[in-house]
Amino acid sequence: MYICAMFSARHGWWNEQERSDRAFVTALKHLVRANILAMQAILEVRHDAVFVQSESSEYYHASTPAAIHAAEVYNAQRFLSLDLNYGRRIDSEMYEFLMDNGLTREEYKFFIGHGLQHHCIMGNDYYATNEHRVEEDGSTRPSGEVFGYDAITRLYYDRYHLPVMHTETNLEQGPRGDEAVYWLWKQWANVMLVRNTGVPIVGFTWYSLTDQVDWDSALRESRGQVNPLGLYDLDRRIRPAGEAYRDLIRSWREVLPTRSVCLTVPLDIPKSWSPFETYAHRHHRSRAHEAADPDRQMMEHHQEERS
């Protein structure tokens, strides 16, 4: 959701090909709403459904002290897709940003009041391109891997307290032939570090099974360029990363099931939530406990910030 909104409405690459805050908010709210409506429709039929959102985990580094504020704004905006998707109350600065750029009070109430987060696993992607340097004028450029998956995932987990899955990563095989293998090992080491420090992480995925086409241009140009990113090439021949992935599964499969932090979801269910009360049941109940008025929430934010 975040990447689609960024690429479509901030960078001008996909779909709308816009470059403005209003376009970004418009794209974001429609993407998240579509995701929520899809979850609701599935839960009407399958009450025990669990959803894994695959969202990009990002971090923006200030290049200079003059860039700190711009970096802070980007770091707040990176959470907006999951804040809305998980019904988390928006902080005052981001609330104003959303309202100034087209989000309505009724839309905000919809996002805050749906209550579907306990059906979710927080899937987060990590690539070397997920970290950015921010300049004083607000422009950004790639920073490469600085903090890495472990540190950034902790920021997301501390915010949402949901089970985690590393849902996407890759690197080209490269001229030496072992670049992707080393990146795979590094990502798996980060997953183990996250898990061993108590974060309930339930899975890991290399993307994708086969090589990608035109990945290097973010799918903006149809050039037919094959990018060697898969576990297999397009002729289904296994790559070194595929062999390493296979060996990883073989060597860890007897260990992880007996040492998993999280074997079932939902996790840490609050007392107010019943495992027998699904979205479908709540949907047909009285709406006496709707989300609080956003204007009142904003006043509370300002009071908290002054205290």
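In this predicted model, Arg-10 lies over the face of Phe-24, at a distance of 4.3 Å from the centre of the ring. A further arrangement of this kind involves Arg-33, whose charged end sits over the ring of Phe-110, 4.1 Å from the centre of that ring.

Because Tyr-86 belongs to the loop between α4 (80-85) and α5 (92-100), whereas Tyr-160 belongs to helix α7 (residues 148-160), the pair ties together parts that are 74 residues apart in sequence. Tyr-86 counts as buried, with a relative accessibility of 3%, and Tyr-160, at 10%, likewise counts as buried.

Another pair is formed by Tyr-127 and Trp-215, whose ring centres are 5.9 Å apart and whose planes are at 50°, so the pair is classed as tilted. This pair links distant parts of the chain, with Tyr-127 in the loop between β3 (120-125) and β4 (131-134) and Trp-215 in the loop between β8 (212-213) and β9 (226-227), 88 residues apart. Tyr-127 has a relative accessibility of 11% and therefore counts as buried, while Trp-215, at 28%, counts as partly exposed.

Beyond individual pairs, Tyr-86 and Tyr-160 also belong to one aromatic cluster, which they form with Phe-79 and Tyr-156.

Technical notes:
Residues are numbered from 1 along each chain as its sequence is written. This is a predicted model: local features need pLDDT of at least 70, side-chain atom pairs count only at pLDDT 80 or more; totals for chains, interfaces and linings use all residues. Side-chain values use heavy atoms; hydrogens and water are left out. Helices (H or I, at least four residues) and strands (E, at least two) are DSSP runs, numbered from the N terminus. Buried means under 20% relative accessible area, exposed over 50%, partly exposed in between (1.4 Å probe, protein chains only). Rings of Phe, Tyr and Trp (its six-membered ring) pair if their centres lie within 6.5 Å; planes under 30 degrees apart count as stacked, over 60 as edge-to-face and the rest as tilted. A charge sits over a ring if NZ of Lys or CZ of Arg is within 6 Å of the ring centre and within 35 degrees of the ring normal.
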